[in-house]
Amino acid sequence: MDVLITGTGDAFSSQHHGSSSLVRGPEGWIAIDCPGGVLRAWREASEVSGCLVDPFEVKDIILTHLHGDHCGGLETIGFMFRYMYPGSEGKPGPRPRLHALPEVLERTWERLAAAMDGSRGTSEAVHELETYFEPHALVEGGEVDVAGCRVKARRTSHGIPTAALLIAGPDACLGWSSDTEFDTELVTWLSESDCIVHECGEGPKHTTSEELSTLPEEVRSRMRLMHRPDTAPPLDPGLSLLGEGELLCIKSST
Ligand SMILES: [Zn+2]
């Protein structure tokens, strides 16, 4: 399973893109989160890794939650597919699928409407979320298919509805903590995967490196970190930070 790391920053980073990645599923690329400047993040990661991704080939977006450093690029992607799709000759392009917890989907349009509803200064909205995206609910305790991968979601403790993910492809499984306070039960749930990408935001409603250092070596050896503040000191040995443009080739450990 290939996972291209497209952003490793936290919400206040001036050096990195918002924490995000592109996962190569059997039926196409899946974006995990969609930060502001998303097309630049994807292009730069493509160039660094040599793994070229055409943005129009990213037809599935999993949105973990509605903080701006995770969802600020949705307007770009929605407009891009609708109005810039190659060969669509003025007709709307295909809608990308947007996968998120039901309560996240319910409020996504609140963030986008002012820029995307086409009301031209009147109160009459012309467009809605479904104009641009095909919404699909992630089911906690269940499993959904995303581009040929089996995706499970679990709510995290982060102040607003947020989903951690297990994404199982044909040959390996990725665990994605998303934004969360340190939660050993969540880590246990994520440990079903072959590689855990965990946040290390250090602040309130986030996880600290000190907390992650308490995890067993067996878990830490399969864990890579992101969402770390620009000003945070270097990590202790035994913890490993991801880099933008890094291409993880995850193999099943069984
Ligand atoms: Zn957040």
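## Positive phi values

K205 is placed in the loop that runs between β11 (195-199) and α7 (209-213), where helices (H or I, at least four residues) and strands (E, at least two) are DSSP runs, numbered from the N terminus. The phi angle of K205 is near 65°, a positive value in a residue other than glycine. K205 counts as partly exposed because 15 other C-beta atoms lie within 10 Å; a residue is buried if 20 or more other C-beta atoms lie within 10 Å of its own, exposed if 12 or fewer, and partly exposed in between, with C-beta atoms placed from the backbone.

E89, in the loop between α3 and β5 (97-100), also has a positive phi, near 45°, and is likewise not a glycine. E89 has 6 other C-beta atoms within 10 Å and is therefore exposed. Most residues other than glycine have a negative phi.

## Basis of the model

This is a predicted model, in which local features need pLDDT of at least 70 and side-chain atom pairs count only at pLDDT 80 or more, while totals for chains, interfaces and linings use all residues. Residues are numbered from 1 along each chain as its sequence is written.

## Packing of α3 and α4

Helix α3 (residues 74-83) and helix α4 (residues 102-116) have axes that come within 10 Å and cross at roughly 55°, the axes being lines fitted to C-alpha atoms, for helices over the stretch in contact, with angles that run from 0 to 180 degrees between N-to-C directions. This angle makes α3 oblique to α4, since angles under 35 degrees count as roughly parallel, over 145 as roughly antiparallel, 65 to 115 as roughly perpendicular and the rest as oblique.

The contact is formed by L74, E75 and G78 from α3 together with L112, A115 and M116 from α4, two residues being in contact if their C-beta atoms, placed from the backbone, lie within 7 Å.

L22 belongs to strand β2 (residues 20-25) and counts as buried because it has 25 C-beta neighbours inside 10 Å. Beyond its neighbours within four places in sequence, L22 is in contact with L4, T6, W29, A31, W42, V53 and V58.

Leaving aside neighbours within four places in sequence, I167 is in contact with V23, C149, V151, C173, L174 and W176.
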